[in-house]
Amino acid sequence: MSIISSDKPLAICSDHAGFELKSIIEGYLEANSIEYKDFGTYSADSCDYPDFAHPCAEAVESGECFPGIAMCGSGNGIAMTLNKHQGIRAALCWTPELAALARQHNNANVLVLPARFIAPEIALEIMDVFLNTEFEGGRHERRVEKIAVR
């Protein structure tokens with residue numbers, strides 16, 4: 001079962017270090033008729049990841065898009081920025097198993113990829129697992145409900 005909602009596009013963003021991987025992912029999404037909204041960056045020119053992470057997070061938080069996919073060189077900076085938003089649970093994943101657990105146990109709503117540390121084929125596999133894994137709920141639900149600062 002897929003977490004992709006037919007009525008909402010995915011949100012996608014990167015900085016310059018993630019631009020090439022973002023382009024590969026967008027090609028994959030287009031080839032599979034998966035709608036997405038690109039929040040930038042739009043070139044490999046040096047830029048600041050928060051400029052793209054915040055609008056991406058706002059789109060997922062508001063329900064305009066679901067889920068999100070973000071990348072930067074290590075994945076850390078963009079994940080930190082995304083997770084400043086109360087409604088975002090961004091998970092940095094470098095294996096398919098981590099992506100599955102992020103969805104199953106943490107109800108992650110943004111996948112973060114470390115563009116400089118994984119091959120494009122692995123990134124696509126991780127994304128596929130993330131997009132096709134459901135949240136288990138149950139005992140994990142109460143934990144997820146405690147994440148946001150109120």
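Which residues does isoleucine 69 touch, not counting those up to four places away in sequence? The legends below take this up first, and they all describe a predicted model.

**View 1. Isoleucine 69 and the largest nonpolar core.**
Leaving out residues up to four places away in sequence, isoleucine 69 touches Leu10, Ala11, Ile12 and Cys13, then Ile25, then Val110, Leu111 and Leu113, and finally Met127. Ile69 is also one of the residues that touch the most other members of the largest nonpolar core, a set of 23 residues; the others in that group are Ile25, Met71, Leu111, Leu113 and Met127. Six elements each put at least two residues into this core: strands E1 (10-14), E3 (68-72) and E5 (110-114), plus helices H1 (19-31), H4 (96-106) and H5 (120-131). H5 gives the largest share, with six residues. There's a second, separate core too, made of 20 residues, and among them are Phe52, Ala53, Ile78 and Leu82.

**View 2. Glycine 68 in strand E3.**
Glycine 68 is buried, with a relative accessibility of 0%. Setting aside neighbours within four places in sequence, glycine 68 is in contact with Ala11, Val60 and Phe130, as well as with the run Asn109, Val110 and Leu111. For a sense of scale, look across to cysteine 93, which sits 25 residues away along the chain: the C-alpha atoms of glycine 68 and cysteine 93 are 13 Å apart.

**View 3. Helix H1 crossing helix H5.**
The two axes come within 10 Å of each other and cross at roughly 55°, which means that H1 is oblique to H5. The crossing is right-handed. On the H1 side, the contact uses Leu21, Ile24, Ile25, Tyr28 and Leu29. H5 answers with Pro120, Ala123, Leu124, Met127 and Asp128. Two of these residues, Ile25 and Met127, turned up in View 1 among those touching the most other members of the largest core.

**View 4. Helix H4 packing on helix H5.**
Here the angle is about 20° and the axes are 8 Å apart, so H4 counts as roughly parallel to H5. Like the H1 and H5 pair, H4 and H5 make a right-handed crossing. Pro96, Ala99, Ala100 and Arg103 make the contact from H4, and Glu125, Ile126, Val129 and Phe130 make it from H5. Glutamate 20 itself is exposed, at 61% relative accessibility.

**View 5. Cysteines without disulfides.**
Search the whole structure and you'll find zero disulfides. Cysteine 47 is in no disulfide either, and its nearest cysteine sulfur, in cysteine 72, is 10 Å away. Both residues are tucked away from the surface: cysteine 13 is buried at 0% relative accessibility, and cysteine 47 is buried at 17%.

**View 6. Two cis peptide bonds, one at Gly40-Thr41 and one at Phe66-Pro67.**
The bond joining glycine 40 and threonine 41 is cis, with omega about 0°. Threonine 41 belongs to the loop between strand E2 (36-38) and helix H2 (50-62). The bond from phenylalanine 66 to proline 67 is cis as well, this time with omega near -15°. Proline 67 is in the loop between H2 and E3.

**View 7. Positive phi at serine 33 and asparagine 107.**
Serine 33 isn't a glycine, yet its phi is positive, near 55°. You'll find serine 33 in the loop between H1 and E2, where this residue is exposed with a relative accessible area of 70%. Asparagine 107, another residue that isn't a glycine, has a positive phi of about 50°. Its place is the loop between H4 and E5.

Definitions and conventions:
Residues are numbered from 1 along each chain as its sequence is written. This is a predicted model: local features need pLDDT of at least 70, side-chain atom pairs count only at pLDDT 80 or more; totals for chains, interfaces and linings use all residues. Side-chain values use heavy atoms; hydrogens and water are left out. A disulfide is a pair of cysteine sulfur atoms within 2.5 Å. Buried means under 20% relative accessible area, exposed over 50%, partly exposed in between (1.4 Å probe, protein chains only). A nonpolar core is a set of buried Ala, Val, Leu, Ile, Met, Phe, Trp, Tyr and Cys residues joined through side-chain atoms within 4.5 Å. Helices (H or I, at least four residues) and strands (E, at least two) are DSSP runs, numbered from the N terminus. Contact means heavy atoms within 4.5 Å. Axes are lines fitted to C-alpha atoms, for helices over the stretch in contact, and angles run from 0 to 180 degrees between N-to-C directions. Angles under 35 degrees count as roughly parallel, over 145 as roughly antiparallel, 65 to 115 as roughly perpendicular and the rest as oblique. A crossing is left-handed if the near helix is turned anticlockwise from the far one by less than a right angle, and right-handed if clockwise.
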